[in-house]
Amino acid sequence: MFQSIRFRTLITAAIVLASLYFLLPSVLPEIPASMKNVFLKNRIHLGLDLQGGMHLVLEVDTEKALEGNVERLAVGIREGLMEKRVRFRSVERKPGNTIVVELPGKEARADLEKILSDQFPDLEVKSAEVADGREVVTLKYREKRMADIRKTTLDQSLETIRNRVDQFGVTEPEIIPQGDDRILIQLPGIKDPKRAVDLIGKTALLEFKLVDEEHSLEDAMRGNVPAGSVLMKGSRERGEGGGARREPMYLLKERTLLTGQSLENAQVKISDRFGEPYVAIKFNPQGARDFDRITGENVNRRLAIILDDVVYSAPVIKERISGGDAQVTGAFTMEEARDLAIVLRAGSLPAPVKILEQRTVGPSLGQDSIDKGILSTIIGMLLVVAFMVVYYRLSGFVATLALVLNIVILLGVMALFDATLTLPGIAGIVLTIGMAVDANVLIFERTREELRLGKTARAAVEAGYARAFLTILDSNVTTLIAALFLFQFGTGPVKGFAVTLSIGIIASMFTAIFVTRIIFDYATWNRHVKKLSI
Amino acid sequence: MELIKPDTQIDFVGKMRIAFTVSLIAIAVSIASLVVHGGPNWGIDFAGGTVVQVKFTGGVDIDKIRSTLEGIHLEGITIQQFGTKTDYEYLIRTAESTEDLKGLSGRVEDALQAAFGKGAFEVRRVEVVGAKVGKDLTQKGILAVVFSWIAMLAYIAWRFEFRFAVGGILALVHDTIITIGVFSLLNKEFSLVIVAALLTIIGYSINDTIVIYDRIRENRKKNVRQDLGQLINASINQTLSRTILTVLTVVIVLAAILLFGGAVMFDFAFAILVGIVVGTYSSIFIASPFVLAWERVSPSKRKRK
């Protein structure tokens, strides 16, 4: 069947037409609405290095989340012991995510064990020793549970960041987990990277605490922080005309009364009096009940509103507040207020994040790269074509045809796979041009050799293709192996290079061997060409 | 048209000693350069750090940029012109990379804005790589290169013979070291795309070797008795025309990238250019002659019979 020239031409035409069909949505600036259903949605995407945007790798501090959990458990054990009237000396969280419980004697041990098995199945006793007649028990999370918490922390962070990015309004963002504690974020077309980083990376833990008015703030600032209280920075007040900014301090009760988890909504509002933006928050039903109770119990005291360990405001509670509405004020710009509302709505991150990698490309640089990439591709291609035609004459034109089809198929397949074109990817296309002619060079050189041996044109073509085929296959397989490792190794742009190179090589096998053969067979079989122009 | 006459008979194998010596010297120089420079000139992808690419709207004094940025005290700061002089484009690098959210690029931008005014420049690219990521990438890069060698070794050993595979891989290691050495000698930055270039060279340079091996295999079938040295010489000569042509076409397209591809792609294309020229040399002078050298040390069983 493959002997038939007509059949082979049909296959070629089908593949080229299919490639063009896949490619069209990527090249046309806009497809008329009536044609939308005719074409696939798949298209070639531009990498961040070409269209501009931000690539971000964050590390979620899962250990911090674990510590927080252990801290909560320690508090829980303390309360459990008190409730059951078990005497104990201390319950403390120690480094390495352990809890050390000190009991006055052996008797209490059984009570502790009972509380643990009833209320804290996630903990196990790591060691227990008697020192000075005291029983010191070290508790530890079960391994499996720790892994669970780490995973949940990553999942929650991912979810929260996804929410924030969605509300920020980025087209085609990519947010994917990497390894155990990393998140890869790709934001195409971001214009203000600083703002985006702030928005994504902010922990946004909203807390409400009472101001400690029984103790002196000055005393605490001198280092005498009373037990059960904490010292905290206030938000920077906007200094007029660049004057010295004041950073007020607050002495707060350590206990957190309410957190951002009880929020239902957060919106930017403009204050009537000063025209300054603020964020209006609305609690969910449970949060509203708590807020109602807290304000009712603490009339005339000051309630501090804290975001990520910074006190934003600490207004005096004038009366019980029912209905669950509150406001976060501060010297916000409109943009800051809007971003704050977004992070409050999206929820806080379960653990702080660090930036491991950030790459931002401005749109003008991207456009530059596209222009230069296209220019060098066209020039490279013209030079190669000129060279091939001068060297192989008519056969050089056949190789050129193969080259053009090669690029059409390469781009078509990329579109079909929704592949991403990067700057090194463009280099990959240019290189593919150089390498694709290699197959034809091998065939043509071989055919020339056979002609020199005195074979007829038809026999020489036959032998040339047959002998060159295995060589081409072997050499292309090795290039594919290298491309595979490249793909494994690379991040964004380099991956794009590996992809174009691989598809280009496979397409070149088809165009340089299969397609050109049709033309040579047609010339030597049907037209009975006796002398090849090679 | 013909570049190489069909009856060319160059004694490649006879120049084996010279070639091996030249290669050993080149490798020694490469390694010496790496030792003197304390390893490759790692870019921020591997060493960690920050790069800010800034384009000014008009001519600026590079010293003014330098003095402006000295004001914000960054460790190991370098400022370098990027592209041509009339691009007014500069790369600002520092070894520092902060993990906090504010970032260094913001400080650089603020300082420049205070000195040159808003709108006098545009920040076109910012790259911040933390030390941890750099370490990961270095490890992954080395593994990728080494594993690709091993994969090639396995494939050629399967398709040909083990000694051929060893010759081919030695040539690859040779190409890789010399390319890295050239980068070190020119004190060019070794970045992520250079590793991509190395892997491309590895995939590409083995092609030439395979084409020659293929011809050796074919010629041996025709005449089993022929002396291996003659056989190898004949095979290299028969494929020489193709080898030169293919290198030429690749060099042509690389030249197009070098001249018109812009500053970002320059080093990438340059690395591939070096690697491909070295790779072509090693396919002819190292890979196949090595098979002969092996044969002289321990003749294959077929021959002994």
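## A strand pair across the two chains

Strand β18(A) pairs with strand β5 of chain B, residues 121-129, in the antiparallel sense, and five bridges join the two. One of the paired positions is A:R359, whose bridge partner in β5(B) is B:E127. The model described here is predicted.

## The contact between chain A and chain B

Chain A brings 61 residues to the contact and chain B brings 58 residues. On the side of chain A that touches chain B, the elements that each supply at least two residues are α6 (193-201), β18 (353-361), α10 (363-392), α12 (423-452), α13 (457-489) and α14 (492-526). The most comes from α10(A), with 15 residues. Sorted by class, this side of chain A has 34 nonpolar, 16 polar and eleven charged residues.

## A four-stranded sheet in chain A

Chain A holds an open sheet of four strands, in the order β3-β4-β6-β5, and the pairing is antiparallel. At the edges stand β3 (90-94) and β5 (123-131) of chain A; each has a single partner strand, so one side of each is left without a neighbour in the sheet. On average, neighbouring strands of this sheet are turned by 20 degrees against each other, direction ignored.

Helix α3 of chain A (residues 62-83) touches β3, β4, β5 and β6 (134-141) of chain A, and its direction makes about 175 degrees with that of β3(A). Helix α4 of chain A (residues 107-119) touches β4, β5 and β6 of chain A, and its direction makes about 145 degrees with that of β4(A).

## A hairpin in chain A

Strands β7 (residues 174-178) and β8 (residues 182-188) of chain A run antiparallel and are joined by five bridges. A:E174 stands opposite A:Q186 in β8(A). Three residues lie between the strands of this hairpin, and A:G179 takes a positive phi near 65 degrees.

## A three-stranded sheet in chain A

Another open sheet of chain A has three strands in the order β13-β14-β17, with antiparallel pairing. Its edge strands, β13 (263-270) and β17 (325-328) of chain A, each pair on one side only. From one strand to the next, the twist averages 30 degrees. Strand β13(A) runs antiparallel to β14 of chain A (residues 277-283), and seven bridges join them. A:A266 has A:I281 as its bridge partner in β14(A). Helix α9 of chain A (residues 334-346) packs on this sheet and touches β13, β14 and β17 of chain A, with a direction at about 170 degrees to that of β13(A).

## Domains and a helix pair in chain B

The domain assignment of chain B gives domain 1 (13-40 + 133-304) and domain 2 (49-129). The C-alpha centres of these two domains of chain B lie 39 Å apart.

In chain B, helix α7 (residues 192-222) packs against helix α9 (residues 263-297) at an angle of about 25 degrees, and their axes are 8 Å apart. Angles under 35 degrees count as roughly parallel, so α7(B) is roughly parallel to α9(B). The crossing of α7(B) past α9(B) is right-handed. The residues that meet include B:V193, B:I194 and B:A197 in α7(B), and B:A271, B:I272 and B:G275 in α9(B). By class, the contact of α7(B) with α9(B) has 13 nonpolar, nine polar and two charged residues.

Terms used. Residues numbered from 1 in each chain as written. Chains lettered and ligands numbered in written order. Predicted model: local features only at pLDDT ≥ 70, side-chain atom pairs only at ≥ 80, totals over all residues. Domains from an automatic or database assignment. Contact = placed C-beta atoms within 7 Å. Nonpolar A, V, L, I, M, F, W, Y, C, P; charged D, E, K, R; others polar. Pairing = 2+ DSSP bridges. Axes fitted to C-alpha atoms, helices over the stretch in contact; angles between N-to-C directions. Parallel < 35°, antiparallel > 145°, perpendicular 65-115°, else oblique. Left-handed = near helix turned anticlockwise from the far one by under 90°.
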